[in-house]
Amino acid sequence: MEILEILEESKYYKVIISPSFQKIKKELKGKIYVQIINIMNFFQIKEIEQLKIFIYDNEQDFKNVTKYPYNLGPLAGAYNRYAVYVYVDLKRISIEELHNSIIHEVTHKIYNYNILGKTNEPKLVWLDEGLA
């Protein structure tokens, strides 16, 4: 597993990336913060525990960390109570699509762990996906 590095950190999140993503640092910085604030405002949340967002360029590292059992396409995302995880093949996916995937997974995490409280109760999958 390769060593990851911190791209950006704020009160609300920390983005940790594979070193090969050096070339897209500028495009990612700042955009995530604005979207997290928008999500918090939508759900009327004033505070959240700092989100950790891991962005991988190595499919196997992503699968090892997330225990993702399926074959991956060029973009995949997952979340749990501790973090958001995104795998991307930047040769096949644009930075905008990567950003959208990150925010999609962040919305799931905020909704499931800050709004629902993440119980084992069944959830409305269509609502969860619609919000994300």
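This is a short chat about a predicted model of one protein chain.

Student: What elements does the chain have, and how many helices and strands are there?
Tutor: The chain has five helices and five strands. From the N terminus on, they run β-β-α-α-β-α-β-β-α-α.

Student: Let's take H4. How far apart are its end C-alpha atoms?
Tutor: They are 29 Å apart. Helix H4 covers residues 95-115, which is 21 residues. At 1.5 Å a residue it should span 30 Å, so the two values agree.

Student: Which residue with a positive phi follows H4?
Tutor: Gly117 does, with phi near 80 degrees.

Student: New topic. How many aromatic pairs are there?
Tutor: The structure holds ten aromatic pairs. One of them joins Phe43 and Tyr111. That pair is stacked, 5.9 Å centre to centre, with 25 degrees between the planes.

Student: Where do Phe43 and Tyr111 lie?
Tutor: Phe43 lies in the loop between helix H2 (31-42) and strand S3 (51-56). Tyr111 lies in helix H4, so the pair ties together parts that are 68 residues apart in sequence.

Student: Is Phe43 buried or exposed? And Tyr111, buried or exposed?
Tutor: Phe43 is buried, with a relative accessible area of 15%. Tyr111 is buried too, at 9%.

Student: Which residues form the aromatic cluster?
Tutor: Phe54, Tyr56, Phe62, Tyr68, Tyr70, Tyr85 and Tyr87 form one cluster.

Student: Now the whole chain. What share of the residues count as buried?
Tutor: Of its 132 residues, 41% count as buried. The chain exposes about 7700 Å², and carbon and sulfur atoms supply 50% of that.

Notes:
Residues numbered from 1 in each chain as written. Predicted model: local features only at pLDDT ≥ 70, side-chain atom pairs only at ≥ 80, totals over all residues. Heavy atoms only, no water. Helix = DSSP H or I, 4+ residues; strand = E, 2+ residues; numbered from the N terminus. Expected span 1.5 Å × (residues − 1). Buried < 20%, exposed > 50% of the residue type's maximum accessible area, 1.4 Å probe, protein only. Areas by Shrake-Rupley, 256 points an atom, 1.4 Å probe, with all protein chains shown as cover. Phe/Tyr/Trp six-rings, centres within 6.5 Å; stacked < 30°, edge-to-face > 60°.
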